[in-house]
2 protein chains.
Amino acid sequence: MMLTKTRTRFIKSLKLKKIRIQEELFVIEGAKNVIELLKSNFLLHSLYATTTFLDNIRVLVKNLNVEIFTATDTQLADAGSFRTNNSVIAMAKIKENKPLSARTDEFALILDDIHDPGNFGTILRICDWYGISKVIASTNCVDLYNPKVIAATMGSFTRVNMYYTNLKEFMEKEEGPFYGTYLDGENIHTIRFKSRGYIVVGNESTGISSEISALTDNRITIPGAGRMESLNAGIATAVVLDNLYRTKGGEN
Amino acid sequence: MMLTKTRTRFIKSLKLKKIRIQEELFVIEGAKNVIELLKSNFLLHSLYATTTFLDNIRVLVKNLNVEIFTATDTQLADAGSFRTNNSVIAMAKIKENKPLSARTDEFALILDDIHDPGNFGTILRICDWYGISKVIASTNCVDLYNPKVIAATMGSFTRVNMYYTNLKEFMEKEEGPFYGTYLDGENIHTIRFKSRGYIVVGNESTGISSEISALTDNRITIPGAGRMESLNAGIATAVVLDNLYRTKGGEN
């Protein structure tokens with residue numbers, strides 16, 4: 001089938017969270033992300049691609065019982081959110097928001113009020129790098145299914161599980177320890193991390209909110225030359241997870 | 001003086017590298033960056049600010065022999081590159097592109113073909129955090145004085161010195177060691193860094209170019225769970241510098 005105008009309008013409408021929730025669908029753009037999607041357990045709804053792209057992934061889509069539409073690069077660029085990398089767009093089913101918690105031998109991440117889609121996606125990519133597969137996010141974080149978040153994850157959204165919830169309630173009932181980054185905490189180069197727990201990442205400009213800070217029992221600090229006030233949220237997450245990975249010997 | 005239309009046009013014209021080179025001037029926007037500028041050894045040319053902002057920084061500008069213009073927020077937003085944080089715009093003199101090299105007891109950074117202004121600025125901010133004060137960039141990197149780079153540095157452009165040069169020639173005549181991040185190098189968690197040297201950071205999508213790779217004598221690797229192919233350039237830089245800082249005991 002050829003991509004129709006009605007269908008293009010439908011793809012575009014999924015840029016809105018409201019519509020995504022109503023339809024239980026989201027959009028994935030670009031070869032890299034779509035190929036990761038096809039290898040994952042996300043339920044594919046439909047595929048919109050150039051004939052060249054479809055020829056290349058024939059094996060991956062052979063037995064899929066989904067609608068496949070052919071489209072030109074121009075049509076795909078029009079339907080999608082990005083100017084480039086639009087040889088393919090996929091639509092898949094949004095996963096149920098199932099509760100998650102860290103096993104007794106693993107760490108999970110907690111995101112408090114992360115607004116920027118690029119930061120949010122990058123943080124998921126960092127979790128994936130370090131083998132963290134559970135992320136618990138406050139309900140005021142940006143939506144995982146936002147096209148800019150999906151793009152920034154570079155495919156990591158298929159391997160890192162997300163759970164949106166009321167963080168305060170979550171942390172009150174959940175056993176810690178909860179590690180949060182501050183300017184006056186214990187040096188992450190010398191700290192001995194417990195064998196399980198949570199790393200709390202705060203908002204890009206205001207840090208961890210006071211409500212969540214009150215529940216964060218381990219204040220940790222990234223040492224530096226002391227000339228700067230802060231590192232960005234993604235950078236700080238990467239440095240903390242690298243130190244955690246080192247002390248846990250990569251067993252997470 | 002009030003900000004004039006002619007002057008607004010002049011501020012806007014400095015968004016172009018060609019004009020910046022010709023005029024030897026660049027633009028700094030927003031309170032945070034301008035205050036760092038005033039405390040630095042950059043030569044201030046002129047200041048454009050709201051009367052409220054000028055009242056707040058009276059002490060810092062009292063003895064400065066520069067043109068000061070008052071302007072409304074709307075005028076500043078119009079003259080600048082960003083929609084927000086425009087209570088002040090400054091114009092300062094571009095520094096001479098002076099040769100830099102690592103002392104026998106320090107590390108410097110080498111940037112090979114970094115195009116994205118946000119990444120470039122973030123990398124300078126990370127250098128500043130870890131006390132790295134010399135960055136050598138290939139001539140095809142984005143310009144330090146690009147307004148988006150300046151904004152992303154969050155003031156670090158005043159403390160980190162830059163030198164743009166032909167990297168191949170630089171590395172051929174300069175003593176190493178040169179450390180570059182690859183997927184098959186030595187684990188940064190166990191490597192013993194030398195007491196001086198260079199960390200080479202490659203392009204966001206293509207990595208370190210083959211020409212520069214040939215001169216990079218130490219291949220290093222950030223360990224991870226092995227599910228992802230790469231980390232972004234800024235993230236990788238932060239993790240490498242954190243490991244370097246740890247082994248050098250923060251003496252850099």
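Colleague: In which helix of chain A is the place of Lys12(A)?

Modeller: This is a predicted model, and the answer is read from its coordinates. The helix in question covers residues 5–13 of chain A, and the place of Lys12(A) is within helix H1.

Colleague: What distance separates the C-alpha atoms of Lys12(A) and Cys127(A)?

Modeller: Along the chain, Lys12(A) and Cys127(A) are 115 residues apart.

Colleague: Into which domains is chain A divided, and what distance lies between their centres?

Modeller: Chain A is divided into domain 1, residues 5–93, and domain 2, residues 107–247. Taken over C-alpha atoms, the centres of domain 1 and domain 2 of chain A are separated by 30 Å.

Colleague: How many residues does each domain of chain A give to the contact between domain 1 and domain 2?

Modeller: The centres of the two domains of chain A lie 30 Å apart. The contact takes 16 residues from domain 1 of chain A, while the number from domain 2 of chain A is nine.

Colleague: Which elements each supply at least two residues of the side of domain 1 of chain A that touches domain 2 of chain A?

Modeller: Domain 1 of chain A gives 16 residues to this contact. The elements that each supply at least two of the residues on its side are helix H2 (17–23), strand E1 (25–29) and helix H3 (31–38) of chain A.

Colleague: How many residues does each chain give to the contact between chain A and chain B?

Modeller: The score for the model is ipTM 0.90, with pTM 0.92. In the contact, chain A takes part with 25 residues and chain B with 25 residues.

Colleague: Which element gives the largest share of the side of chain A that touches chain B?

Modeller: The contact takes 25 residues from chain A. Helix H7 (117–129) and helix H11 (233–247) of chain A are the elements that give two or more residues to this side. The largest share, seven residues, comes from H11(A).

Colleague: Why do the copies meet through the same surface?

Modeller: A rotation of 180° with 0.0 Å of shift along its axis superposes chain A on chain B, with an RMSD of 0.0 Å. That is the relation of a two-fold axis. The copies meet through the same surface because the share of interface residues of chain A that are also interface residues in chain B is 100%.

Colleague: With which residues is Asn232(B) in contact, leaving aside its neighbours within four places in sequence?

Modeller: Asn232(B) is found in the loop between strand E10 (218–221) and helix H11 (233–247) of chain B. Asn232(B) has 22 other C-beta atoms within 10 Å and is therefore buried. With sequence neighbours within four places left aside, its contacts are Thr122(A) and Glu204(B).

Colleague: What is the phi of Asp113(A)?

Modeller: Most residues other than glycine have a negative phi. The place of Asp113(A) is in the loop between strand E5 (107–111) and H7 of chain A, and Asp113(A) is buried, with 21 other C-beta atoms within 10 Å. Asp113(A) has a positive phi, near 65°.

Colleague: What is the phi of Met154(B)?

Modeller: The place of Met154(B) is in the loop between helix H8 (147–153) and strand E7 (161–165) of chain B. Met154(B) counts as buried, with 21 C-beta neighbours inside 10 Å. Its phi is also a positive value, near 55°.

Colleague: What is the omega of the peptide bond from Gly176(A) to Pro177(A)?

Modeller: Most peptide bonds are trans. Pro177(A) has its place in the loop between helix H9 (167–173) and strand E8 (178–187) of chain A. The peptide bond from Gly176(A) to Pro177(A) is cis, with omega near -5°.

Colleague: Which residues does Tyr48(B) contact, leaving aside its neighbours within four places in sequence?

Modeller: Tyr48(B) is one of the residues that touch the most other members of the largest nonpolar core, which has 152 residues. With sequence neighbours within four places left aside, Tyr48(B) is in contact with Leu3(B), Phe69(B), Ala71(B), Leu76(B), Ala79(B), Val88(B) and Ile89(B).

How values were computed:
Residues are numbered from 1 along each chain as its sequence is written. Chains are lettered from A and ligands numbered from 1 in the order in which they are written. This is a predicted model: local features need pLDDT of at least 70, side-chain atom pairs count only at pLDDT 80 or more; totals for chains, interfaces and linings use all residues. Two residues are in contact if their C-beta atoms, placed from the backbone, lie within 7 Å. Helices (H or I, at least four residues) and strands (E, at least two) are DSSP runs, numbered from the N terminus. Domain bounds come from an automatic or database domain assignment. A nonpolar core is a set of buried Ala, Val, Leu, Ile, Met, Phe, Trp, Tyr and Cys residues joined through C-beta atoms within 7 Å. A residue is buried if 20 or more other C-beta atoms lie within 10 Å of its own, exposed if 12 or fewer, and partly exposed in between; C-beta atoms are placed from the backbone. Copies are superposed by least squares on the C-alpha atoms of residues with pLDDT of at least 70 in both.
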